[in-house]
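Please look over the model shown here before reading on. The report is meant for a reader who has not seen it before.

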There are 2 protein chains.
Amino acid sequence: MSRRELRDLVRTQLQMLLEEEDLRGAKAILVPVQPADIAEAIEGLPEAMHGLAFRLLSKHEAIEVYEYLDYSVQERLIEELRSQDVRDIVDKMSPDDRARLFDELPAKVVNRLLEQLSPTERQATAQLLGYEADTAGRIMTPELISLKENFTVSQALERIRRLANASEMIYYLYVTDGARQLTGIVSLRQLVTSQPEQLMGEIMTRDVVFVYTDTDQEEVARLIQRYDFLAVPVVDREQRLVGIITVDDIIDILQQETTEDIYALGGVQSGGDNYFQMNLLEVARKRVVWLLILLVTNTFTGTIIKSQEDLLAKVVTLTAFIPLLTGTGGNVGAQSSTVVIRGMNTEEIDALGPLQVIGREAIAGALLGTMLGTIATIWAFFLQGQIEVAIAVGISLVAISVLASISGSALPFLFRLLRLDPALMSAPFITTAVDVLGVLIYFNLARVILKL
Amino acid sequence: MSRRELRDLVRTQLQMLLEEEDLRGAKAILVPVQPADIAEAIEGLPEAMHGLAFRLLSKHEAIEVYEYLDYSVQERLIEELRSQDVRDIVDKMSPDDRARLFDELPAKVVNRLLEQLSPTERQATAQLLGYEADTAGRIMTPELISLKENFTVSQALERIRRLANASEMIYYLYVTDGARQLTGIVSLRQLVTSQPEQLMGEIMTRDVVFVYTDTDQEEVARLIQRYDFLAVPVVDREQRLVGIITVDDIIDILQQETTEDIYALGGVQSGGDNYFQMNLLEVARKRVVWLLILLVTNTFTGTIIKSQEDLLAKVVTLTAFIPLLTGTGGNVGAQSSTVVIRGMNTEEIDALGPLQVIGREAIAGALLGTMLGTIATIWAFFLQGQIEVAIAVGISLVAISVLASISGSALPFLFRLLRLDPALMSAPFITTAVDVLGVLIYFNLARVILKL
C-alpha cells in the first residue's frame with residue numbers, strides 16, 4: 001500500500017468513526033500513524049471536524065501534528081480550542097515554526113498568543129520576529145548546543161545528553177569563545193569517534209561556513225545544498241552565534257522559492273499560500289495584473305496592424321501568418337528567458353558573462369530561425385501559393401527568432417541589474433518587444449518583396 | 001567577503017600561480033579552502049590546467065574534490081591522469097557517487113574502471129548500476145550501519161566508532177533481523193541520550209518509513225521532505241535492507257527535477273547537462289522540436305484566418321485584434337496549466353479532485369474574462385471607433401478566457417492519465433486549441449454582430 005493510499009484510508013476511516021461519534025475507535029486508528037500523516041488526514045476532514053479530531057491526540061502528539069498543519073487550519077484551530085490547550089501547544093512549538101505561524105496570523109491574535117508564552121519562549125519568538133522576512137534570522141532556531149574549546153569529549157557528550165530534548169539539531173555542535181563568538185564546529189560523528197579525554201579545541205573544525213542574520217534565505221539554501229550540510233550556524237554582525245538553520249527547513253524554502261519562480265514564469269503572482277485553497281476572487285486578483293499588462297502591450301501590436309490596413313486590404317492573405325510569427329517569436333523568447341532565469345537561480349550561468357550568454361542565444365536563435373524559416377516558407381507556399389508572401393514569412397521568422405533570443409536572454413540580466421525579479425518582469429516585455437518589432441519587420445519585408 | 005567573491009579570488013590566484021608554475025604557492029592557497037570551493041575553482045580554470053591543478057591536492061582531498069566536479073570535468077580528468085591515480089580515487093568514492101559518474105561515461109571507460117576497482121567495491125557499484133535510472137536503487141548508498149535488536153547501547157556505540165569511516169550517514173542506525181529484514185530504526189540522538197545497558201529492541205522505533213529499490217526518486221524526495229528525515233532506508237522486495245538515501249542527495253534531485261519541470265514549461269528539452277556548457281547545435285536540437293510542433297499547430301489558426309478572407313477584406317480592422325485575442329488566450333491557458341502542473345508536483349492539488357480543479361479554473365477564467373473583456377471593449381472602441389467590432393472583441397475575450405482556463409487545467413490531468421509528462425505535453429495543445437477555437441468564436445461573433 002502506498003503512503004498516499006494509507007493517508008486516504010486513514011482519513012476515510014477517521015471521518016466515518018467521528019461521524020459515528022466513536023471517539024475511542026478514532027483514537028485507536030491514529031496510534032500507529034506518523035504525525036505528518038495525521039496532519040494531512042485532519043486537513044482532509046470537513047472543517048467542523050478539525051477541532052474534534054485534534055482533541056483525540058495526546059498533548060505530545062498534538063504539538064507535533066500542529067506544526068505540520070497548514071497555516072489556515074492552525075489559525076482556525078486556535079480560534080476554536082480552549083485557550084489553555086493553545087497556550088500549551090504554542091509554548092512547545094520550536095521558535096522558528098512559531099515565528100512563521102505568527103507571521104501568518106492577524107496582529108491581534110499574535111499579541112494574545114505572545115502574552116501566553118513563558119518569558120524565555122516569548123523572548124526567542126519576539127527576537128525571530130524582529131528579523132526581516134525571508135532572511136536567515138527569520139528561519140533560524142535558537143535551539144542549538146554550544147560548547148567551549150576546553151571541554152573534553154566526555155564533557156561535551158554529557159552536555160548533549162542534558163540538552164538534547166531542547167535542541168532541534170544535535171548532530172552539529174558549535175564552539176564559542178567567552179564573547180559568544182563562533183570559533184569552531186564539531187560533529188557528533190567526530191565526538192563519538194574521538195577519545196573521551198580529547199579537547200574540543202583539538203578536534204573542532206575552525207574553518208566554519210556561517211551566514212549572517214540578514215543573509216537572504218535563498219542564499220542560505222544554496223549554501224547548504226552546495227556543501228551537503230545538515231545545518232548552518234547563524235551569527236550577528238559581531239560574529240556572535242545566535243542560531244542555526246537546519247536542512248529540513250531549507251528543503252521547504254527551496255520548494256517555496258521554486259513555486260514562486262514557476263508561478264512568475266507562468267504569469268501568476270504567488271504569496272506562499274496554497275493556490276488550490278484560495279477563494280476565486282483572490283485567484284483572479286493574482287492573475288489579472290499580468291494579463292492587464294499584456295492586454296495593454298498587445299494593443300501596440302494592434303496599433304501597428306491597424307496602421308498597415310492599406311497593405312492588408314490589398315493582400316489579405318498576409319493576415320493568415322500573423323499568429324504564426326508572433327506565436328513563434330513568443331515561444332523562442334520564452335525558451336531563452338526560461339533557461340537564463342533558471343540558470344541565474346541555480347548559478348549554472350555564472351561560468352559565462354552576460355554578453356557571452358546573449359551572444360550564444362543570438363546564434364542559437366539564428367540556427368532555430370533558419371530551420372523554422374525554411375520549413376515555414378515551403379509550408380506557406382503550399383498553403384497560399386504566393387511565393388512572395390512565403391518568402392516574407394520565412395525571412396521574418398529568422399529575424400524574429402534572433403530578436404526573440406536576444407531580448408529573451410538580455411532582459412533578465414537588465415532586470416536583475418535594476419533589482420527587479422527577472423522571472424516576474426521579463427515575459428510581458430519580451431512578448432511585446434518581439435510582437436511589435438516582428439510584425440513591423442514582416443510588413444516592411446512584405447512591402448519590399450511584393451513591391452507595394 | 002561573500003563566498004562567491006572568495007571563490008573568484010581563489011580561482012584567479014590559482015590560475016596566476018599555475019601560469020607562473022609556482023606549484024608550491026598554488027598548493028598553499030588551497031589548504032584553507034573547502035572541497036566544494038576548490039572544485040568550483042578548478043572548473044573555472046582553462047581546460048588545460050584542470051589536470052595540473054588536480055594533482056596539487058593530497059590524495060584524501062582529491063577524492064573529496066572529485067565528487068564535487070561536473071561530470072564533464074571528471075570525465076576529462078580520467079582521460080588525462082595516470083591510471084593508477086584514477087584507480088585510487090574512483091576506488092574511494094562512495095558507491096552512489098561512483099554509480100552516477102559511471103552513468104555518464106561511455107561504456108568502454110566504465111568497463112575499464114570497473115575492472116580496476118577492488119572486488120567488494122566493484123560489487124557495490126555494479127549492484128547500484130543494475131537498478132533503473134531515477135529509482136531509489138540508483139541513488140542509494142549501501143554504506144550504512146546496521147544493528148541487531150539484542151545489541152546494547154554501548155555495543156552499538158562501539159560498532160559506530162568502528163564503522164564510522166566507511167559510512168556516509170551515522171546519525172540513523174538500522175536494526176535488522178536474522179534474515180537481514182528491516183525491523184526498526186535508532187537515531188544517534190537516541191543512543192547518546194539512552195543508558196549504556198539499554199537494548200536496541202527497547203529504544204528503537206518500529207514504525208519505519210522506507211522505500212523500495214524501484215521507488216521513483218521524486219517520490220523518495222517528497223517522502224524525505226514530508227517527514228523532515230536526514231535519510232530513508234531502502235529495502236528490496238523481500239524487505240531486506242540494501243541501502244540508504246541521504247538528504248543531501250535529495251536536495252540535488254529536487255533541484256534537477258525542478259529544472260526539468262521549468263524547462264518543460266518553457267518548451268526546452270532537458271537532459272541533466274548544464275545548458276550553458278552545451279554546444280549550440282545541441283541547444284538548437286533541444287529547442288527546435290517544440291517550436292516545430294507549435295509551427296505546425298499554428299498553421300491551423302492560419303488556415304482558419306485564411307478561410308475568413310471575405311470577412312477580413314470587408315472589415316480590415318478586425319485583423320488588428322487577432323494578436324490580442326490569441327495572446328490573452330495563450331496567457332490565461334499558461335497560467336492555469338502552470339498552477340495545475342506545479343500543484344501536481346507539490347501534491348498541493350491533491351485535496352481537490354480533477355473536476356473540482358477544472359470547475360474552479362473555469363469560474364476564475366470567467367471572472368478574468370469579464371474584467372479583461374470590459375476593459376478591452378472600451379479600449380477597442382476608443383482605438384477603432386467601431387462599437388460592433390469592440391463588442392465582438394469583448395465577448396470573444398470572455399469566451400476565450402473560459403476556454404483557455406478549462407483546457408489549461410484539464411489537459412495536464414488528461415496527459416497524466418495517459419502517462420505522458422503533463423509539463424512537456426500540455427502547452428502546444430493548449431495554445432492550439434485556444435487559438436483555433438478563439439479565432440473561430442471571434443469571426444463568427446463578428447459576422448453576427450456586424451450582420452455580414
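The sections below cover how the chains meet, how they are related, and how one chain is divided.

**The interface between the chains**

This is a predicted model. In it, chain A and chain B touch each other: 93 residues of chain B are in contact with 93 residues of chain A. On the side of chain B that touches chain A, helix α19 of chain B, residues 322-346, supplies the largest share, with 15 residues.

Sorted by class, the side of chain B that touches chain A holds 55 nonpolar residues, 24 polar residues and 14 charged residues.

**The symmetry of the pair**

Chain B is superposed on chain A by a rotation of 180 degrees, with a shift of 0.1 Å along the axis and an RMSD of 0.2 Å. This is the relation of a two-fold axis. Within chain B, Ala313(B) has the C-alpha nearest the axis, 2.9 Å from it.

The copies meet through the same surface, because 100% of the interface residues of chain B are also interface residues in chain A.

**The domains of chain A**

Chain A is divided into domain 1 (3-132), domain 2 (146-255) and domain 3 (275-450).

Between domain 1 and domain 2 of chain A, four residues of domain 1 are in contact with four residues of domain 2. On the side of domain 1 of chain A that touches domain 2 of chain A, one residue is nonpolar, one is polar and two are charged.

Technical notes. Residues numbered from 1 in each chain as written. Chains lettered and ligands numbered in written order. Predicted model: local features only at pLDDT ≥ 70, side-chain atom pairs only at ≥ 80, totals over all residues. Contact = placed C-beta atoms within 7 Å. Helix = DSSP H or I, 4+ residues; strand = E, 2+ residues; numbered from the N terminus. Nonpolar A, V, L, I, M, F, W, Y, C, P; charged D, E, K, R; others polar. Least-squares fit on C-alpha atoms with pLDDT ≥ 70 in both. Domains from an automatic or database assignment.
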